[in-house]
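Subject: Structure handover

Hi,

Here is the structure for you to work with. My notes follow below it.

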Amino acid sequence: MRGKRTEDLNGASGAPRIISWNITLRCPLKCAHCYVDAGEREAEGVLSTEEAFRVIDQICETGNPVVVLSGGEPLMREDVFSIARYGTDRGLRMVMGTSGFLINEKVAAKLRESGIRAVAISLDSAEPAVHDQFRGMSGVWEQAIRAIRDCRNQGIGVQINMSVMRPDLRDVEGVIETGTVLGVREFQIFFAVPTGRARVREDPGILEYEEMIRQILIRYRDHGVNIRPTCAPQFRRIADEAGIMSPAWGRGCIAGISYCRIYANGDVTPCPYLPVSAGNVRTASFADIWYNSPLFTALRDPAMLTGKCGRCHYNAICGGCRARAYRGADAFSTGWCDGLIRPENLSDTGIFGDDPWCPYEPGGGAA
């Protein structure tokens, strides 16, 4: 059934712009920060090829968003090229998020033939040994570099995704320099959220990360590269304070507003780091979930925000990380189970509370 459209925060149609889809939880690597704890075992109840096609049909009812085939490692799934081709033929912009570990010239050519328009390849350090240690296997850095070259040679757009695990600007500078030498101009800088294997056991040093984000934005404001801090929506406030603007950024936290995640078993969540299900595509259409689920409806209402996020005059462009708010400051010491839940009372989840990673105090600057 086609869902009833609701209005988004800006009064537009509210159609999704980006959908991240964990089509598999299998992965050959053992990355220290993996938010779904991917590995050798497949997810229970993973969607079949035919079910994946039906999900694509349902997505098309909402418009033509970007669909990110992700994992685990999406190339571990034998039908990934068929899924990409089906989505492409339906008019969707199909892209992929990958470690690059399984990409070679032949695979890059198949990606192009299946209609994959762009790939986001993970590169977490300019130092091979550091990246390989982080990814749990030797040779991963060299393969990622080859994958970037192979995809670019096939005319596929490349974005580098970097996961930041310490507040050191030199790490980011090294990755951006490496990428630009390879011809990459798109960079997404991820700040770990404590879920899956990325559980944080102590206060991560939020003031140091705040300053690091500021330095990144200032350092690269006129360098001809597009950089978006991710899972750190306060970057919009930091950029505003520094007088930096980019029309490509959008709102800081877009979870459930213009973005969502489809889990391997068909559950739909606001983002990959917020394991709260809004419904399952096996029992409801994607359009109905997107437009009518109480969870997504609440996330689109800024009046639902509480605490300092609710009082903050930046909440329209930032919104705070709803995944970090989900368990609040306790997540720094305990982490949380990343199993999907379906809460009866959304207000009990903490989703709409303070973002514990943001030191800003409305009306008083940073804490």
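How many residues does the largest nonpolar core have, and which have the most contacts inside it? The core has 95 residues. Trp21, Leu69, Leu111, Val119, Phe191, Phe286 and Phe296 have the most contacts within it. Bear in mind that this is a predicted model.

Val119 is worth a look on screen. Setting aside neighbours within four places in sequence, Val119 touches Met96, Leu111, Cys151, Ile156, Gly157, Val158 and Gln159. Leu111 is also on the list of core residues with the most contacts. There is a second, separate core of five residues. Among them are Tyr314, Cys318, Cys358 and Tyr360.

Next, a helix pair. Helix H6 (residues 169-181) packs against helix H7 (residues 206-219) at an angle of about 35 degrees. Their axes lie 10 Å apart. The crossing of H6 over H7 is right-handed. From H6, the contact uses Leu169, Val172 and Glu173. From H7, it uses Met212, Gln215, Ile216 and Arg219. By type, the contact residues are four nonpolar, one polar and two charged.

Last, Thr24. Thr24 sits in the loop between strand S1 (18-22) and helix H1 (49-60). Is Thr24 buried or exposed? Thr24 counts as buried because its relative accessible area is 0%, and the cut-off for buried is under 20%. The Thr24 side chain reaches the backbone nitrogen of Arg26 at 3.0 Å. Leaving out neighbours within four places in sequence, Thr24 contacts Glu42, Ser70, Gly71, Gly72, Glu73, Pro74 and Arg77.

Best wishes

Definitions and conventions. Residues are numbered from 1 along each chain as its sequence is written. This is a predicted model: local features need pLDDT of at least 70, side-chain atom pairs count only at pLDDT 80 or more; totals for chains, interfaces and linings use all residues. Side-chain values use heavy atoms; hydrogens and water are left out. Axes are lines fitted to C-alpha atoms, for helices over the stretch in contact, and angles run from 0 to 180 degrees between N-to-C directions. Helices (H or I, at least four residues) and strands (E, at least two) are DSSP runs, numbered from the N terminus. A crossing is left-handed if the near helix is turned anticlockwise from the far one by less than a right angle, and right-handed if clockwise. Contact means heavy atoms within 4.5 Å. Ala, Val, Leu, Ile, Met, Phe, Trp, Tyr, Cys and Pro count as nonpolar, Asp, Glu, Lys and Arg as charged, and the others, Gly among them, as polar. A nonpolar core is a set of buried Ala, Val, Leu, Ile, Met, Phe, Trp, Tyr and Cys residues joined through side-chain atoms within 4.5 Å. Buried means under 20% relative accessible area, exposed over 50%, partly exposed in between (1.4 Å probe, protein chains only). A polar contact is a pair of N or O atoms within 3.5 Å; within protein, one must be able to donate a hydrogen and the other to accept it, and residues adjacent in sequence count only if both atoms are side-chain atoms.
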